[in-house]
Amino acid sequence: MSKFKTIDDLNVAGKRVLLRADLNVPMQDGKPSDTTRIDRTVQTIKDLTARGAKVIILSHFGRPKGQVVAEMTLKPIAVAMASALGRDVAFATDTIGDSAKAVVGAMNDGDVAMLENVRFHAEETDNDDGFATTLASLGDFFVNDAFSTAHRAHASTEALARKLPAAAGRLMQAELEALGAALGTPVKPVAAVVGGAKVSTKMEVLGNLSKKVDMIIIGGGMANTFLFAQGHDVGKSLCEKDMADEALAIIASAAANGCEIVLPVDVVVSAEFAANAANQAVDIDAIPADKMALDIGPKTIADVENRLAGCKTLVWNGPFGAFEIAPFDKGTNAAAQAAARLTKAGTLTSVAGGGDTVAALVQAGAADDFSYISTAGGAFLEWIEGKTLPGVAALENNA
Ligand code: ADP
Ligand code: MG
């Protein structure tokens with residue numbers, strides 16, 4: 001299927017390979033709290049170093065907006081990468097310039113180094129050609145493993161692929177092959193679950209998704225925004241009120257495309273966002289003005305379970321509630337476990353993506369039974385929409 005080169009096509013012995021990874025992992029107390037993205041890029045690094053390449057890792061972390069932000073350094077991630085690889089990883093305190101040149105210049109064949117956060121330079125998100133040329137001067141080949149950032153045309157994901165012979169890393173290759181196999185021609189009915197907190201960034205996706213799937217099940221802060229748009233009082237819930245018109249437009253266009261929009265019929269509300277805070281389930285027309293909807297309620301859980309049982313394919317991005325704090329993880333856990341059961345029973349193909357979504361499915365004990373778990377959230381949704389991902393297109397053009 002692939003129209004791009006893979007690392008098997010590059011003769012990397014003794015060469016410098018710039019590897020773009022997405023190491024934007026969740027951090028707690030200065031350490032990665034989930035190392036999935038680190039672990040899943042290890043194979044590419046091992047394959048390259050085993051063949052005598054010098055591997056120079058590029059990544060972003062957070063949104064420093066072109067400034068050096070101390071808390072967004074990749075240094076602790078280089079430490080975590082070293083332990084994942086079981087070997088030293090040299091670290092350059094800048095992405096370009098003297099420190100990067102010195103670190104790369106000191107590498108022996110088979111060594112691994114990491115350069116500081118590419119987004120400390122504004123030129124990165126500008127997809128600046130000159131910045132890409134400067135990055136390219138540090139390598140002989142470009143390998144892209146950052147499927148989860150492939151929906152962004154940035155200097156280290158797009159322009160750089162035009163400067164050097166380029167190929168997909170093992171993770172990029174695996175993501176595209178797995179998504180193609182599971183969702184290339186999905187068996188109907190197809191349900192999409194879209195939840196979580198990034199309401200405005202996911203709104204556009206919903207419009208396009210409604211042309212591709214039979215049903216969109218909406219949860220989380222996204223659902224609150226739709227309920228508000230339909231005239232329900234959502235109290236103090238996470239809700240993007242200025243997205244109300246957009247939400248109504250999505251409901252209308254979904255109806256025109258024969259796609260059903262499924263919203264909660266009840267929610268679990270609480271006055272505070274805290275573990276085991278006092279809470280109650282209420283119907284959506286009875287959300288108290290001083291409370292927040294933090295999860296879907298029992299009637300909605302039953303409805304979601306029923307609907308999943310009637311579907312053949314599920315794509316999922318975004319939790320149903322504030323799953324990090326009990327008991328507001330109930331809806332997400334129930335839906336995740338239902339999807340896992342159906343997948344195991346062979347009636348459902350289930351694919352999920354998104355940083356928090358994956359963490360939620362792991363927490364629910366459901367991740368291992370899903371058909372495929374992507375490391376990507378936004379890129380995963382855009383791939384499902386059928387959009388061209390600039391990072392992937394650049395690899396294809398380079399081939
Ligand atoms: P992903 O990383 O999988 O793309 P998002 O980042 O969009 O997902 O959303 C995840 C976040 O949404 C979680 O931190 C979760 O606590 C939050 N969330 C979900 N539902 C609610 C809700 N009803 N109220 C507040 N936060 C919510
Ligand atoms: Mg998230």
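A: Let us begin with a term: two residues are in contact when they have heavy atoms within 4.5 Å. Helices (H or I, at least four residues) and strands (E, at least two) are DSSP runs, numbered from the N terminus. This is a predicted model, in which local features need pLDDT of at least 70 and side-chain atom pairs count only at pLDDT 80 or more, while totals for chains, interfaces and linings use all residues. Residues are numbered from 1 along each chain as its sequence is written, chains are lettered from A and ligands numbered from 1 in the order in which they are written, and side-chain values use heavy atoms, with hydrogens and water left out.

Our helix is H12, made of 15 residues, 330-344. From its first C-alpha to its last, H12 reaches 21 Å, close to the 21 Å expected at 1.5 Å a residue; that expected span is 1.5 Å times one less than the number of residues.

Next, its surroundings. A residue is buried at under 20% relative accessible area, exposed at over 50%, and partly exposed in between (1.4 Å probe, protein chains only). Eleven of the 15 residues of H12 are buried, so the helix is largely enclosed by the rest of the structure. Among them are Gly331, Asn333, Leu342 and Thr343, along with several alanines, including Ala334, Ala335 and Ala336. The cover over these buried residues includes three strands, E14 (292-296), E15 (313-317) and E16 (349-353). Helices H11 (298-309) and H13 (355-363) are also part of that cover.

Now look at either side of the helix. In the loop between E15 and H12 sits Pro327, and the peptide bond that leads from Ala326 to Pro327 is cis, with omega near 0 degrees. Just after H12, Gly346 takes a positive phi of about 85 degrees.

The chain has 15 helices and 17 strands. Its radius of gyration is 22 Å, close to the 21 Å that the globule rule gives for 399 residues, so the chain is as compact as a globular protein of that length. Here the radius is taken over C-alpha atoms, and the rule is 2.2 Å times the number of residues to the power 0.38. Buried residues make up 57% of the 399 in the chain. Of the contacts with a separation of 6 or more, 74% are between residues 24 or more positions apart.
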